[in-house]
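User: I would like to go through this model chain by chain and ask what each description rests on.

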Amino acid sequence: MSYLRAVMAANDHSPRVLALTAEIIDMNPAHYTVWGYRFRTLMSLDTAGQLGTDAVAWTWSRELDWVQSIARNHEKNYQIWHHRQLIVDHLADSTGERARTEEMFALDSKNYHVWTYRQWLVRRFALFDEEELALTTKMLGEDIRNNSAWNHRFFVVFGALPDGQKPAEEVVEREIEFAKKAIQLTPQNPSPWSYIKAVLRKGNVGLATLQSFCEQFSPVSSPDDIKSSHALDVLSEIYDEAGDAAKAEKALELLASKFDPVRKNYWRYRRRQLGSNSPVVSATA
Amino acid sequence: MATAVAFTNKPEELFVDKHVKYIQTLDTRKDELEYWLTEHLRLSGVYWGLTALHLLGHPGALPRDETIKFVQSCQHENGGFGAHPSHDAHLLYTLSAIQILAMVDALDAVDTEACVSYVRGLQKPSGVFAGDEWGEEDTRFVYTAIQTLKILGRLDAIDVGRAVEYVLGCQNYDGGFGLVPGAESHSGQIFTCLGVLSMTDSMDRLTPASKDQLAGWLAQRQLPNGGLNGRPEKLEDVCYSWWVMSSLAMLGKLHWIDRNKLVGFILSCQDEVRGGLADRKGDAVDVFHTVFGIAGLCLVGWGGLKEVDPVYCMPVETTKRLFGAK
């Protein structure tokens, strides 16, 4: 490290810096100073036309391979992904990058840094397409509780819509059905419930359209048959909107006393809010 | 690194003296590899340790003069601070430096004008801040930039309005906030975003309904074992005792989680022999989880601890001195 300090002080961007920084990063990839210096060196060699020549066998492509190998061994590190982003942005070429992130998802399907990088890729290269949607379908097929994949799906489906523009009706319909299928499989999974409510808001579809769907999981009149606290939560809103205070209160009381007592203060707050005509969520999201 | 840990079987006790001793000896472990592998975050390590000591009621347990000297040695010519004298300046360590000096009441020990200019230089046209000249741009750095300037009384040096707009653009369909626009809601990012809104008097930019949705999401982070997670369907971790609870405190909804269950979980993560807290029972302790576990206990009013400010993660004694009584 003290050797690197000397190199940096001399503003040396010669090929030997690549070997030196690689050695330090291998030991400790959280070393933010070293990543920055390595990137500047690569850029300097590139500008001088030296990358991939006899003098410097190293190329951007080898750099990306090497970065991936470091990422595989240090899944929690985020400097790696920023370095990768700087390079891919500079190259203006996303070839192979989806496959690389998917290789990382195979190790940890909820890796926050990798998902953030993937979203950057989608935005940078306008990849709001069928392939991207198919990734989320596949990953949710493997783990329907993966909230990161749900979040990404929302991003892919609605992220390219200009502000204020309504999504196509068939897209809204398709996503409602997708979430309903997930809820059928895992009624107590919070992610598709958040998702379906958000899709309804995006499509300007009333929550009340979910009433019979929710009642099949959580019939308020028959507490022994209740399978989903989330369905009760949604039903309390639907009943409240419809002016059925007694049923709304019953749903929230069941949550406070029986189905989610750890949050009883929250549910009792919701009960006190009934009839206030303020939707639980405004239509901003 | 993987030292055997003796986890407590007496989850009703906080081992204050053990924790003080653990933090005091952190800097004497220079023969351990881990000490050198954490050099890139040393200044934050000092902030975490010092904050924990203040909250435990032992503010003088680290030598004040040496602490100030170390902070001074980390300032660069550009005004920012590195994690260690041999590391480049970075916003994360710049905030740690300023927080440390605020806690020991020695802000005049460094060149604060240079620091203001360093922070200002990292704001981007979108309002976001970069962590350093080459680094990532996200809500963590909006928070660190704004707290640094707030302590120095120089929020006028940046475009606060754009920073707030950037943060608001990170709110998701489930009510939470992510690292950048579109990124998944995460309790740590919710803390930084609510912190920015609080420090800039912009909490009213969230509607009452949106605040309720967010607080409800945060309350959902509590698991049956009492611990809190950072995202749906993830494991509990002591550090979320801070990120989730401080956020709930900023929303005035601390009572939406089960206090006793959370206290039991935090206390079960103590190493009762060496001191310190781990992310969860059975793992090795570190100073990061130690401070956030203790700060979480402060928020739920555990007896004998000092009051913590949920926005700044510093003792209320310090923020009162800086900003006056609220």
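**Fold and packing of the two chains**

Analyst: In chain B, 67% of the contacts with a separation of 6 or more are between residues 24 or more positions apart, two residues being in contact if their C-beta atoms, placed from the backbone, lie within 7 Å. This is a predicted model, in which local features need pLDDT of at least 70 and side-chain atom pairs count only at pLDDT 80 or more, while totals for chains, interfaces and linings use all residues. Residues are numbered from 1 along each chain as its sequence is written, and chains are lettered from A.

User: How do you know whether chain B agrees with a compact globule?

Analyst: The radius of gyration is taken over C-alpha atoms, and the globule rule is 2.2 Å times the number of residues to the power 0.38. For 326 residues a compact globule would have a value near 20 Å, and chain B has 19 Å, so the two agree. The C-alpha trace of chain B spans about 55 × 50 × 35 Å along its principal axes.

User: What makes chain A more spread out than a compact globule?

Analyst: In chain A, the secondary structure comes to 15 helices and 0 strands (DSSP runs of H or I with at least four residues, and of E with at least two). Its radius of gyration is 25 Å, well over the 19 Å that the globule rule gives for 285 residues, and therefore chain A is called more spread out. Taken along the principal axes, the C-alpha atoms of chain A fill a box of roughly 80 × 40 × 30 Å.
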